[in-house]
Amino acid sequence: MTNWIPLGSASEIPPGNRKVYSLKGTEIAIFHVANKGQPGQFYAIHDCCPHQGASLVEGEGTGTEIACPLHDWTFDVASGECHDFPEFPLTRYELKVENGNILIEASAFEELDIHDHLFLVRYGAMGWIDHFSAEEDAAFSHRDRIILNTSRGEEIGEILSKAINQNNSITPAGSILRMFTPTDQQKLLQQEDITTHVLEDCQSLIQERGMPTEIIDCEQLFDQQTVVLYYLGNRMPALEILAQELNANYAWRIVFHPVDEAPAPSGCSSGGCGCDQK
Ligand code: FES
């Protein structure tokens, strides 16, 4: 049986407006999208941009489209799709309006009750630090190498500490799958390093095309499926075309990931983190 949690009255959000509610420490943005001559439609998303955690309710957009106020990635609140980087979709929640009340499907939040074993983990070529959940009986020590499940895929991380805040006010960036083992090390050693090729190909194409994009690093994930190119500069359609071309040339999935030259003014600095800091 589906359980529903009441959030508030639908009359609090006129058509074309949005509002944020807090549920078990998660910020939920409700969008009331106007529908010509028809009753408006309500949509619920996690109010945390999958890029660097900005509040999306502050963004501009019409219909079901919303642009993140921080770096302008655009999303569809109905489908969750990220138009710029499809690998970074929004987290959506099922909702219904009953007797004038907005009700949200409870299962995503019931899960938060058991997500209470959190660790601070450093991961990725940019050295991001974020919270990751683990099994309740998991025991990790400072500097343990681990395998993580993040929005980008499976990658290697390093335990910094157990999180001080173990309540549900934090949304983990992913989960800790297990310890990094000698077999993993073996796999890593056998893995062909294609970052130099990808980096060189990408940089020469950028130069050829006179694009104002600076590639600052390249990382190949442990899952042997994804290569991430980190860049400075604005997102632009030409970069998406370049990603498609590189993807056609390599068996790996090549994705571009923007990096702020200055630290983000709010939220953590990770990408696709699920960070709920505003
Ligand atoms: S696009 Fe939303 S935080 Fe960067």
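Are Tyr 231 and Phe 256 buried or exposed? In this predicted model, Tyr 231 is buried, and Phe 256 is buried as well.

## The largest nonpolar core

The largest nonpolar core has 37 residues, and those with the most contacts inside it include Phe 75, Val 198, Cys 202, Leu 229 and Phe 256. Among the elements that give two or more residues to this core are strand S3 (26-35), helix H3 (195-208), helix H4 (237-249) and strand S17 (253-258). Because domain 1 (4-111) and domain 3 (190-258) both give residues to the core, it lies between them.

## Aromatic pairs

A search of the whole structure finds 8 aromatic pairs. In one of these, the ring centres of Trp 128 and Tyr 230 are 5.9 Å apart and the planes stand at 70°, so the pair is edge-to-face. Since Trp 128 lies in strand S11 (residues 128-133) and Tyr 230 in strand S16, the pair ties together parts that are 102 residues apart in sequence. Both Trp 128 and Tyr 230 are buried.

Tyr 231 and Phe 256 also form an edge-to-face pair, with 6.1 Å from centre to centre and 75° between the planes. Tyr 231 lies in strand S16 and Phe 256 in strand S17, so this pair ties together parts that are 25 residues apart in sequence.

## Charges over rings

Arg 145 lies over the face of Phe 180, at 4.3 Å from the ring centre, while the charged end of Lys 187 sits over the ring of Phe 222, 4.1 Å from its centre.

How values were computed:
Residues numbered from 1 in each chain as written. Predicted model: local features only at pLDDT ≥ 70, side-chain atom pairs only at ≥ 80, totals over all residues. Heavy atoms only, no water. Core = buried A, V, L, I, M, F, W, Y, C linked by side-chain atoms within 4.5 Å. Buried < 20%, exposed > 50% of the residue type's maximum accessible area, 1.4 Å probe, protein only. Helix = DSSP H or I, 4+ residues; strand = E, 2+ residues; numbered from the N terminus. Domains from an automatic or database assignment. Phe/Tyr/Trp six-rings, centres within 6.5 Å; stacked < 30°, edge-to-face > 60°. Lys NZ or Arg CZ within 6 Å of the ring centre and 35° of its normal.
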